[in-house]
Amino acid sequence: MSILVVAEHDNASIKPSTLNTVTAAAALGDDVHMLVAGSGCQSAADAAGAIAGVTKVLKADSAEYEHGLAENVAPLIKAVADGYSHILAPATTFGKNVMPRAAAMLDTQQISDVSGIESADTFERPIYAGNAIATVQSSDPIKLITVRSTAFEPAAEQGGSGAVEDVAATGDAGLSTFVGQELTKSERPELTTARIVISGGRGMQSGDNFPMLEKIADKLGAAVGASRAAVDAGYVPNDYQVGQTGKVVAPDLYIAVGISGAIQHLAGMKDSKVIVAINKDDEAPIFQVADYGWVADLFEAVPELDAELEKSL
Amino acid sequence: MKVLVPVKRVIDYNVKVRVKADNSGVELANVKMAMNPFCEIAVEEAIRLKEAGGADEIVVVSIGGKQTQETIRTGLAMGADRGIHIETDDEVEPLGVAKLLQKVVEEEAPGVVIMGKQAIDGDNNQTGQMLSALLNWSMATFVSKLEISGDEASATREVDGGLETIKLKMPAVVTVDLRLNEPRYASLPNIMKAKKKPIDEKTPADLGVDTAARVKTLKVVEPPAREAGVKVASAAELVEKLKNEAKVIG
């Protein structure tokens, strides 16, 4: 049986976390199809077909899919589900929103945030903010899964030869409408896929101090993140948040500045390869997971680090 | 308008979770339990709606063993009007929970269901979406701002790229995110008053719902531990180590 990946895209291109989801799908079977539901989404569908390992693209091109509203996309997933053993989507806010709605329509108990695949019906997933890892076995005939993208390598964007096939739209459910969005504009890499992340916490004291971190981010080609405390305090927008209920990141290098290291924050970053912590409190729990800890006042340490990077990079 | 708020009893978010020695799950015996933090935000939102004249009754519903009543009482002490306890000692999966809640919604006919976006035990983030699907209602997940007016609502959602605003046809299922509000503490007089508020008792069988598990937990283990590394004393030392030891920059 084939595996279906529900693509997250902006009608023009495929979002990076979808590539990691393809890798998870390929671990389940070698006939991986992709569903691209959008409006004017031909280029996204073409990009989907080019992804290494994708053998077919189902394109549903209709106005009601433009903004990915769950009430419209879930019935489409149900309509195309027949013949698939597994349906996967990235565990992003898109996948988390749409997939459980589709799962309920298919009378299936979804497996969320899968971080490992043992077999066609057995999966690993973090529970309790990643303080435990559960191995679970599904008895549902069709498995709906959201994939933790940091646990799988991205599939290559080129090399596939998936033909694009049109599928019939399922219509507007008439339940919700898109009004608008305020997206954070940034020239820096996306937080969840960046190779280096520098995050600030409550210790930053104000949003006005975040440019200190941005300067370092620009030298390192890093993304800027934040702890919940910094977001709640209004220093930076919500989409900066790294943690159990924010974004999960696993970069090569994570630099935590003025972050104490609450369990909920650690849940979002402790799979990073190398962790650096800068904090003036030497008892801060962040030091228990840091490879390199620097006990210092961040207002002195960060400019010093900036100057050192300027000198040596 | 009636507001239905489903809530869950979970391990208190400040408690360090421990995996059982036999790897069958996490240790729940003698562990401090509390209302799931996202559920508290949902209760608070319902109360604010009522205080602003937008709701006339708040019903809190929870599923679980006897002690689940404590969690319902917490909601009543915050300001909800009455409770429904669906008693079962089985662990009910999100789909089963959604099916039970669907029956409660059919009986109670609320104008809106407000609930947490996820419980911090299973971290599934599914129940609201599933309930909305079963009812064929509109839904807004991860909501940080909610305005209900008549048969329409405007919801601002926290999404990966920033914020998104959608319009919902009522009735709707709304799942709440952290920044929607800051839940109040129950005052002592309100805790006393809550003891007298009614809680209806039901079972999954009363509601005619099969909650048999579809997913079996084979084992639960500790995640790979991270060891604390070394301390550095200067930027020069840090940069040198990142370059030559960790080889992650430069």
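Predicted model: local features only at pLDDT ≥ 70, side-chain atom pairs only at ≥ 80, totals over all residues.
How many of the 13 residues of α4(A) are buried?

**Helix α4**

I looked up the cover first: twelve of the 13 residues of α4(A) are buried, so I noted the helix as mostly covered. The buried ones include A:Phe94, A:Val98 and A:Met99, and I was glad to list A:Lys96 and A:Arg101 among them too. A:Gly95, A:Pro100 and the run A:Ala102, A:Ala103 and A:Ala104 are also on the buried list.

Next I checked the length of the helix, residues 93–105 of chain A. At 1.5 Å a residue it should span 18 Å, and the end C-alpha atoms are 19 Å apart, which agrees. After α4(A) I stopped at A:Asp107, where phi is positive, near 55°.

**Chain A as a whole**

Along the principal axes, its C-alpha atoms fill a box of roughly 60 × 40 × 40 Å.

For burial, I wrote down 59% of the 313 residues. Of the contacts with a separation of 6 or more, 65% join residues 24 or more positions apart.

**Surface and charge**

Chain A exposes about 11300 Å², and I noted that carbon and sulfur atoms supply 47% of that. My last entry was the charge count: 21 positive and 41 negative side chains, with the centres of the two sets 2 Å apart.

Definitions and conventions
Residues numbered from 1 in each chain as written. Chains lettered and ligands numbered in written order. Heavy atoms only, no water. Helix = DSSP H or I, 4+ residues; strand = E, 2+ residues; numbered from the N terminus. Expected span 1.5 Å × (residues − 1). Buried < 20%, exposed > 50% of the residue type's maximum accessible area, 1.4 Å probe, protein only. Contact = heavy atoms within 4.5 Å. Areas by Shrake-Rupley, 256 points an atom, 1.4 Å probe, with all protein chains shown as cover. Lys, Arg positive; Asp, Glu negative; His and termini not counted. Charge placed at Lys NZ, Arg CZ, Asp CG, Glu CD.
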